[in-house]
Amino acid sequence: MNLGIIQGRLSQPIEGFQECPTDWKREFSLLNSLDLNHIEWIITSQNFENNPFFTEDLSNYPISSVCVDFMVDDNFCNNEYLNKFLRKTCKFARFNKIKCITIPLLEKSSVSENNTLNKFINAFQPYTKEFNDINFLIEAELPWTIVKKILKLNNNLFLTYDTGNITSCGFDHKEYIKKCISKIKTIHLKDRTKNPVKTVDPFTGDTNFDIIFKTLKDLNFNGNFTIQTARGETGNEIETIKKHKQKFKQLYYEKFI
C-alpha cells in the first residue's frame, strides 16, 4: 500500500490548521517508523514567500505531490494571481523533481457554476501546456461528468479523489470511481458526515470505505493513498495518525490481498 500523509498532520498546528510546519524535516524523519512512504507538500498564500519549497533542495525527499492550497482563493481565475503563485510553484516543482501538483477546486475556488468553470479553464489551461512534464491532479467537489470535462484539457491532467469530499457531496463512490479510475492518481483518505458536513475520525462518519476499497481493488488501482484525516487532540498527532493508519491498512489488506 502506497500510504503517505498530508504535510503538517504529524505536527502541532502552530503555523495553521494545514500549513507547512517550521520543522518540516522532522515529519520526513518520522515516515519510516510510522510505516508511511510519502508526504504531500502544502503551499498556502499566507506563508507563500516563507515556504521552504522555494529555498531548499527537496529532490531527495519522498514528496508525492504539491497541494497548492493558495488556489482556494477568490482570485484563482485571475491571470496575475496565477502568474505570481502557480507559475513559481511549477518552476520549483521542476527544480525539485516533483512530478505532481494537486489543484484544489473547493470552497472559494469552486467551479460548480458554468461561468466560473469557463473562466478557470481559460486561465489554467496554458499552464498545463507550458508545464507539460508535470501532472496536474484536480481535487474537486463536482459530479464526475464535470470533472472529466476538466481532465480533457490536456493529457497531463489527472484526479485526486478525496473520499470525504465525495461523501459530503452525496455522490455514489462506486459509480464515481468506475467512471474516473483511469485518471485517479491519489486517494485522499478522509471521513465526513453528510448533515451537517464535517470531518470526523475514520469509520465514524458517512464514508463507506468498504465500498471504496473494494471498488479500487476490483479496478486494480495502484496509486497513492494520502491520510488527510481529522486532526484529533493537539499534542497527540503521532498517536492519532498511528491509530488512523492502522485502520486503513487493515481494511486495505482485507480488500486488496
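These exercises walk through a barrel, one of its strands, a helix and a loop residue.

This is a predicted model, where local features need pLDDT of at least 70, side-chain atom pairs count only at pLDDT 80 or more, and totals for chains, interfaces and linings use all residues. Residues are numbered from 1 along each chain as its sequence is written, and side-chain values use heavy atoms, leaving out hydrogens and water.

**Exercise 1. Find the order of the eight strands that close into a barrel.**

Step 1. Strands (E, at least two residues) and helices (H or I, at least four) are DSSP runs, numbered from the N terminus. Two strands pair if DSSP finds at least two bridges between them.

Step 2. Trace the barrel: the order is E1-E2-E3-E4-E5-E6-E7-E10, with parallel pairing. On average, neighbouring strands of this sheet are turned by 30 degrees against each other, direction ignored. Angles come from axes, which are lines fitted to C-alpha atoms, for helices over the stretch in contact; they run from 0 to 180 degrees between N-to-C directions.

Step 3. Check one pair. E7 and E10 (residues 224-227) share four bridges. Leucine 189 has isoleucine 227 in E10 as its bridge partner.

**Exercise 2. Which residues of helix H6 are buried, and why do they line one face?**

Step 1. H6 spans residues 173-180, and its buried residues are His173, Tyr176, Ile177 and Cys180.

Step 2. Down the axis of H6, these buried residues fall within an arc of 95 degrees, so they line one face of the helix. The arc is that of the directions from the helix axis to the C-beta atoms. An α-helix has 3.6 residues a turn, so residues three or four places apart point the same way.

**Exercise 3. Locate asparagine 78 and its contact with tyrosine 81.**

Step 1. Asparagine 78 lies in the loop between strand E3 (63-68) and helix H2 (79-95). Asparagine 78 is partly exposed, at 34% relative accessible area.

Step 2. The side chain of asparagine 78 reaches the backbone nitrogen of tyrosine 81 at 2.9 Å.

Definitions and conventions: Buried means under 20% relative accessible area, exposed over 50%, partly exposed in between (1.4 Å probe, protein chains only). A polar contact is a pair of N or O atoms within 3.5 Å; within protein, one must be able to donate a hydrogen and the other to accept it, and residues adjacent in sequence count only if both atoms are side-chain atoms.
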